[in-house]
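Hi everyone, thanks for coming along. Let me put the structure up so that we can walk through it together.

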Amino acid sequence: MSIIEKLDAVKSTVPHYWPIGSFIHHNPLKGFEDMHFKDALSKAKSIFGGKVYMDSSYYMGLYEKGKINDTILEKNIKKLLSDKGSDIPLEFAKKFLMEVSPQWSSLRIEFISKKEKIDEELYAYLQENSIFNDEKAWLDKLLDHMTLYEINDALFGSDSKDTTEKSIIEFISRFLDEDQTTMSMPNRELGMFEVFKLFENFSDDRDVEDAMKELHINDVQAYFLTHLLKLHGWAGFIKYRSEDPDNVSQQEYPSTLIDYMAVRLYFELKTVKKSKISNFKSLREYAEKNLSDVILQILTHKNMLFGQALDDLEDNESTCKVLEEHIENELHLDALQIQHSNDVLKSDTPLTQLASILKELRQEEGYIWLKSLEDTYINHYVEELSNVPVVKEEKKLASATFCLDVRSEVMRRSIENSGPYETYGAGGFLGLPIAFVEFDKAHELFLAPAIIKPQNVVFEIPIESHDEYSSKKGMNKTTKKVLSDLKNNPYTPYIMVEAIGWIFGIKLFGKTFLPHKTEKFFAKMKPSKPKTSYTLDKLSEDEIEFYVKKLHTKIIGSVLSDTTKKEYEAEDLELTLFLVKT
């Protein structure tokens with residue numbers, strides 16, 4: 001597989017992240033839509049972490065309120081056990097879900113400081129089936145989704161992650177900026193990585209594949225995923241742009257996920273060059289010589305060590321001994337959890353077999369509860385709809401149409417309850433998705449739901465002279481930019497208020513003592529929008545030629561007369577291109 005194919009194989013894991021202007025949702029499971037819901041949740045949890053189901057105590061509360069039907073719960077337990085070919089009795093499984101699982105965590109926490117006698121056979125079984133038996137495999141699992149600079153931070157107490165991620169965010173945010181910040185970046189039309197070379201002032205021809213080799217990565221796909229997950233919001237946005245053929249910003253300033261990977265790997269190599277471990281080969285060699293120490297450092301970094309182990313490490317106890325005691329404590333608590341669960345269940349099943357049964361039930365309980373909750377609601381809803389009595393409706397006096405919006409539902413109910421009226425819900429864009437371009441703007445405004453791509457473009461075109469409007473608009477824009485730059489300057493707080501603070505008092509005192517004259521004065525400074533027309537019909541060739549010539553003349557005149565108006569030239573040129581398209 002090529003390096004691009006390896007990236008493509010994992011990029012579906014990261015969902016699209018829309019720009020804030022049209023953001024409607026962010027579904028972390030979008031990359032797993034081809035899987036069963038339960039399997040998708042399980043995979044997402046292994047990748048993103050976090051909790052995919054509510055606690056059992058939450059579902060028990062709903063059960064006690066009658067929101068989870070007992071018959072439906074039993075039916076789902078029975079079906080799941082049958083599908084898995086399990087011989088676990090129904091009553092046993094139900095008792096575990098309702099009595100043991102809600103206090104499962106407390107069964108462990110309660111006995112952290114206690115030393116009770118545990119079943120030796122159970123302890124031996126847990127030890128034999130534990131990942132602790134293979135310390136190398138345990139370490140690999142702990143290092144899952146960790147970059148090399150994060151591993152260096154964990155092992156040697158450095159703080160390179162924050163610096164590295166901040167540098168990446170600074171570049172990415174400036175490159176992807178859509179004129180919303182004060183940070184500008186020239187030459188963006190060259191593409192993300194080409195601009196990055198200029199930004200960092202290097203001309204190295206090393207690509208992503210070379211960087212992976214330099215880092216001695218064994219599983220390239222897995223390491224791609226690791227990097228994508230670090231700033232998955234930015235990764236999702238770049239993915240969204242690169243896969244949208246109509247994205248104007250992407251057409252002007254192209255970016256791809258492979259460019260993003262190149263940027264991230266450049267910063268990683270730059271960071272780890274100064275670190276004790278500069279590649280994964282040296283990490284493996286270091287871990288082989290100091291395996292116990294490395295595992296303990298990673299556990300400490302992830303807050304997974306007991307207090308006693310942390311105290312022992314501070315007292316410079318042998319790392320082998322500390323790790324051995326940590327493993328013993330973990331297995332001891334696991335054994336106590338199972339033993340005390342059995343006290344509640346009052347089962348005659350051997351503890352070793354019970355451990356396996358409880359593990360299986362723990363993996364399935366969240367899905368059983370959630371499905372039972374949803375099935376109860378669906379059954380109740382269907383039953384209510386099926387049993388609606390047929391009522392002879394009187395003739396409606398009036399109808400009203402509202403936008404499909406939760407805010408309008410209250411008004412609709414109120415209207416319908418007040419008399420013989422009926423209401424309808426309709427899409428707020430009235431079924432006609434359009435892209436609207438204001439006469440002094442170069443970008444489209446989508447007047448449609450965010451998931452729809454409008455195919456109809458409507459332009460607002462002035463039908464009278466607008467030189468005065470453009471002049472005032474340009475002056476206002478320049479004033480705002482100057483003030484914005486002043487606000488963002490680190491020295492401004494020391495001099496701005498004293499130097500120009502009095503200017504802001506003009507409007508304050510004017511509105512207080514001479515409100516009408518002040519209002520007139522400032523109204524004259526505001527640009528007055530000229531009369532405009534809309535291209536609701538396709539333009540004729542003569543009209544296109546007329547507007548294009550007019551815009552070209554204006555652009556040429558602006559360049560010759562005033563070179564500072566580059567922003568407006570770009571907007572006019574972009575508008576010209578839109579007109580030619582129509």
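Predicted model: local features only at pLDDT ≥ 70, side-chain atom pairs only at ≥ 80, totals over all residues.

Which side chain of opposite charge is nearest to aspartate 259, and how many Å away is it? The nearest one is arginine 241, 8.7 Å away. Aspartate 259 is buried, meaning under 20% relative accessible area with a 1.4 Å probe, protein chains only.

Residues are numbered from 1 along each chain as its sequence is written, and side-chain values use heavy atoms, with hydrogens and water left out.

Back to aspartate 259, which sits in helix H16, residues 257–272; helices here are DSSP runs of H or I with at least four residues, numbered from the N terminus. Leaving aside residues up to four places away in sequence, aspartate 259 touches Met192 and Phe193, with contact meaning heavy atoms within 4.5 Å.

Now for arginine 241. Helix H14, residues 232–242, has Arg241 among its buried residues, along with others including Phe237 and Tyr240. The buried residues of H14 pack against several helices, among them H1 (3–11), H10 (160–175) and H16.

Finally, the whole protein: buried residues make up 38% of its 582 residues. Thanks, friends, over to you!

Technical notes:
Helix = DSSP H or I, 4+ residues; strand = E, 2+ residues; numbered from the N terminus. Buried < 20%, exposed > 50% of the residue type's maximum accessible area, 1.4 Å probe, protein only. Lys, Arg positive; Asp, Glu negative; His and termini not counted. Salt bridge = Lys/Arg side-chain N within 4 Å of Asp/Glu carboxyl O.
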